Amino acid sequence: MTRFAQTGPSLRDPYTADPQLRGWLDRLLGEDGHAAAKERLANLSAEVVGPLRAAHHDAETHPPSLTRFDAWGNRVERVDTSAGWQTQRAAAARHAVVALPYLPPGPGRAPDARAAWGPGARVVQHALLHLWGPESATFSCPVAMSDGAAALLTQAGVQGEWLARLVCTDPAVAVTSGQWMTESQGGSDIARSTTTARPDGRGGWLLTGDKWFCSAIDSAMAVALARPEGAGPGSRNLVPFLVPRYAADGHAPTPGLQVLRLKDKLGTRAVPTGEVRLDDVAAFPLADPGAPGLAAMMTLVVVTRLHNAAAAAGGMRRGLEYALSYATERTVAGGRLADNPLHRATLGGLAVDAAGAFALAMHAFALLGRAEHSDTAAAAELRLAAPLAKLTTGRLAVASASEYLECFGGAGYVEDTGIPRLLRDAQVLPIWEGTTNVLSVDVLRALSDGAGAAPLLHRLTAAADAAAHRLPGVADALAAATRRLARDVATAAADPRDPKVMAGARELALRLGHALTAALLLEHAAWAAQRGDERPALLASLWILRRLGQADVSADLHEHFAQLT
């Protein structure tokens, strides 16, 4: 008896096979700017489909372990990780995934990204993350925290060895950072934090307390929140501190630091995540300990939230690639799955959602780059765009991952195909750096702060007006949604603590996220149409008709399947 063996999905080159990525790079960087990035992107893409994919598998199948004591009872707190995890660590440094936006040329440093791309260095960084993140065994997590730590150290004026090593491209020198914020009694409610900081009498500080969810616990340093002696209650009086993970020899744990256990998590299994106890652990303040410091910590948090959005968008695109490949190989009811009208409509809808998530994440990174170059308008827009990008893409990623598993049928539920990981890893995205509800409350705060929703509403109105001639039905749907949002935003901004406003915060935030995505897709479509490319207009139209107009576009998704995917 001959046993049937199904051909599994293959992976195309993620750079050359992604017209949306390449189109946005052309628009945001200019053709010369994109050309300057091509070699870097192509080199990383080639590794993603080769050695990094193998390293990803190795790290996923060999999770980290913790050894607290050696054979003689000495405390060692050693976290062992796989060879694949170390390969990903080296790749992140070599490809400057963290370093790119920070340093001019020099030994062990990235090329002068600031001269080549200016604020657009963040756009190139997002492209790197988009290519690499889905095959990184979630090493994108310590990369996110390291980027956030580098941004915080840069803002704090700490230009010493720690910053130099965070942004180094020599794997033998580069380090990563953890992020120790949450505690068991509070979680996202960091106002309840009990970790304290006291002067050591020699110009330094000592931290005492327990931290509950400490990702990348193998990192050489971490940024921890603590309440200095004499500081008032509440979250605003917390201050970020740099905590060296190891003693001066680089191997022994920092005195007073204990890793209590590693977390047994649903997903992101290759990432060593632990619980930490601090007992008079030496630390260095990254903001004035005598003043409220949470605002300084938000420099880090904004960066990591954008990385969360990048991980969502990248994972959605990679899941789509696998599902498309499988559909061309799988035969159902006498024909290819890729020729089945219902399946084509399903995959087409997933392609539209992936395009929307990408637009949000790329836009947020572009705003971050401009804000870091003293663009006050970009900074004002980022205040609302950052939580919207994070919460919207997180929700999209989980819904899409569930669909991807369905696309594989029973094989999507079997661990050794690697497909279930798509859903397990996606589920962290609406949780880490704030759940959907936590981010929705932050959106309410943003609506009543500074410029509020004015930049977003202006973008929506301009996009609808610009599309009125070419895509009248689509423009009408966006304009109608904008009018409703303007009314509801005004109500929310007037009294964000009103119980009715709070109860509707999630729905309002997601509507804002979907509308912002619509405007971004239309902006890109207008640019692409001038170059004879109508695919972006199709993506924008289908996104708006589905998400804002609540229309059934299944027939269009089937008809335009090849163009969408």
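**Exercise 1.** State whether Trp-212 is buried, partly exposed or exposed, and find which charged end sits over its ring.

*Solution.* Start with the surface: Trp-212 has a relative accessible area of 38% and is therefore partly exposed, where buried means under 20%, exposed means over 50% and partly exposed lies in between, with a 1.4 Å probe and protein chains only. This is a predicted model, in which local features need pLDDT of at least 70 and side-chain atom pairs count only at pLDDT 80 or more, while totals for chains, interfaces and linings use all residues. Residues are numbered from 1 along each chain as its sequence is written, and side-chain values use heavy atoms, with hydrogens and water left out. Next, look above the ring of Trp-212, where the charged end of Lys-263 sits 3.6 Å from the ring centre; to sit over a ring, NZ of Lys or CZ of Arg must be within 6 Å of the ring centre and within 35 degrees of the ring normal. A further case is Arg-547, which lies over the face of Trp-543 at 5.3 Å from the ring centre.

**Exercise 2.** Find how many aromatic pairs the whole structure has, and classify the pair of Trp-132 and Phe-139.

*Solution.* The search of the whole structure gives 6 aromatic pairs. In one of them, Trp-132 and Phe-139 have ring centres 6.4 Å apart and planes at 65°, so this pair is edge-to-face. The ring pair of Trp-212 and Phe-213, with centres 5.7 Å apart and planes at 40°, is tilted. The rule behind both results is that rings of Phe, Tyr and Trp (its six-membered ring) pair if their centres lie within 6.5 Å, and that planes under 30 degrees apart count as stacked, over 60 as edge-to-face and the rest as tilted. Finally, ring pairs link Trp-132 and Phe-139 with Trp-85 into a cluster.

**Exercise 3.** Describe helix H3, and identify which helices its buried residues pack against.

*Solution.* Helix H3 covers residues 83–94, has 12 residues and reaches 16 Å from its first C-alpha to its last, close to the 16 Å expected; the expected span is 1.5 Å times one less than the number of residues. Helices (H or I, at least four residues) and strands (E, at least two) are DSSP runs, numbered from the N terminus. Among the buried residues of H3 are Trp-85, Gln-88 and Arg-89, and the buried residues pack against helix H2 (51–61), helix H5 (121–132) and helix H6 (140–156). After H3 comes Ala-96, with a positive phi near 55°.

**Exercise 4.** Determine in which sense strands E1 and E2 pair, and what lies between them.

*Solution.* E1 (residues 65–69) and E2 (residues 75–80) pair in the antiparallel sense over 4 bridges, pairing being counted if DSSP finds at least two bridges between the strands.

**Exercise 5.** Locate His-130, and decide whether His-130 is buried or exposed.

*Solution.* His-130 is found in helix H5 and is buried, with a relative accessible area of 3%. The residues that His-130 touches, not counting those up to four places away in sequence, include Asp-18, Arg-317 and Phe-358, where contact means heavy atoms within 4.5 Å.
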